[in-house]
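Hello,

Here is the structure for your set. My notes follow below it.

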Amino acid sequence: MINKIGVGNHSIFRYKIKYTLTVLVFSFILLKILLNSIDLTIESYTKFYHYEKNKIGYFISSINEYDVLNFWEISGFSTGYGFFAPNVSSNFIIRHKVNSESKDVYFKTSEHFKTKEGNLRFLMLNQLFIPLVDNNNNKLVKDYLTLILKKINEYEEKQFNNNDIKTMLFLYDYPNLNQIKDSNNIKLFKLMEIDE
Amino acid sequence: MSSLKLYNLFINERVENISFVAFFRISIGLFVMIHFLSIWGDFNTLFGSEAIINTEIQNINRIFIDVTDISNFLINNLNINFENSILLIKLIYLFLTILIVIGYQSRVSAFFLILLHASIFKANPLLIYGVDYITSISLFYIAIFPSDSTFSIKNLIKPVKIDYKYLGATKIFFQIHISIIYFFSGLEKALGFNWWNGESIWKAINLPNFYNDFNINYSILNQYSFVFVIIGISVIIIELFYPLFMNLRMTKNIWLTLTISMHLGILVSLNLYFFSTIMIIWNITAYYFKNETT
């Protein structure tokens, strides 16, 4: 269905104004998308390599932060596009231990989910725990992560009607391309434990 | 070439193929519907006040009202219980996607769906990923495209007058946006080091939290690490040079094929079905439908 461009029946002047405004609005949104992408790329790069942002970086961030009625956030334009970048990040596993008289039971939170997509969404939580392996000593961050794990622990205790459940967070360490030739042993490093 | 000539080349003399609008509207409508249905059984576990990590903790920044606020509103005003309020929210979400698919008031429906989508997903930022942002942006585009102008119920009832100049502008806007997405995606990967030495690919396919529905045995590739290096560098090249080669007539089809192949590879290896699908939809919308310049 290919048709030629037509101007329509509007008065030429009103139409030109409307069209000019449309192009201006689109251009403004594109500029914001570009600015946001530059800002988040700089942020990602400096965070990854532990560099300090320069004045230009801070200036771009200060402009990019501005949001009216959370429009950029709600519309999705505030997102970055560095998927699996700069590197594929580390992964974590949350495991639980139910202490019982007969036998301790281990399971993962993800076993609760009925759907694969639900499980996948829960596992996106992983990104939250990166600061634990990033030498980030921010107490507020650690307290927040502890709170998250406590909430998960509370949920499990409610599900099992059992107050004696331990929640543990592990860093999943899979051998890299050089190491795999010698051994395929996966290592789990315990990072946090919640027992209340 | 003066700016006026450039303007005329891209806007006035552009013969636009309107099919991309219908394709995008119907595909995204179906996608959003199916994606939402895929978490139907886990909705209460993921979102709301009884979720595994309740919304009150996740929505600290109060970006927008969340599903608990909407549920309380319905409970107080319609005199229904909590379960029915959540069911009503879910049904409203699905109803809006149906309106988009059939093309009846799809732009208005997309607008309201963006808000509902934000209250469910954006209000729970710990449990969302890239596909949710791209979904919001897609709904925004449905709201600004002349979405009901073709293959729609609205057009059947009363033919919609098409402003082709506006159509051309929105398509260019969309193409520039997708080019920015891929360029920065490629740039960020290029700034890391694991995409150059194959470790990123190796790590991604061995992440513990992704599925392996096709039971692919990657261990046979252990001895051929150069394969991962080639794939990693190819991904960088496809993304980084997307804005250039997608907009050259000679290379457009090849690059479109490479990009879609890349997303199919992600779908097969990481089982990120929804993310891969929506990006394929975006690519087809932006560059598959031919238009001619006179």
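How many residues does the contact take from chain B and from chain A? Chain B gives 91 residues and chain A gives 76 residues, with contact meaning heavy atoms within 4.5 Å.

First, the ground rules. This is a predicted model: local features need pLDDT of at least 70, side-chain atom pairs count only at pLDDT 80 or more, and totals for chains, interfaces and linings use all residues. Residues are numbered from 1 along each chain as its sequence is written, chains are lettered from A and ligands numbered from 1 in the order written, and side-chain values use heavy atoms, without hydrogens and water.

The interface. About 7700 Å² is buried between chain B and chain A (accessible area, 1.4 Å probe, lost on putting the two together, summed over both). Carbon and sulfur atoms give 67% of that area. In chain B, B:I52, B:E188 and B:N209 lose the most area to chain A, together 10% of what that side buries.

Salt bridges. The rule finds two across this interface (a side-chain nitrogen of Lys or Arg within 4 Å of a carboxyl oxygen of Asp or Glu). One of them joins B:D132 and A:R121, at 2.8 Å, N to O. Helix α10 of chain B (residues 164-191) gives the most to the side of chain B that touches chain A, with 16 residues (helices are DSSP runs, H or I, at least four residues; strands are E, at least two; both numbered from the N terminus).

The sheet. In chain A, four strands form an open antiparallel sheet, ordered β2-β1-β3-β4 (strands pair if DSSP finds at least two bridges between them). β2 (105-108) and β4 (187-194) of chain A are at the edges with a single partner strand each, so one side of each lacks a neighbour in the sheet.

Best wishes
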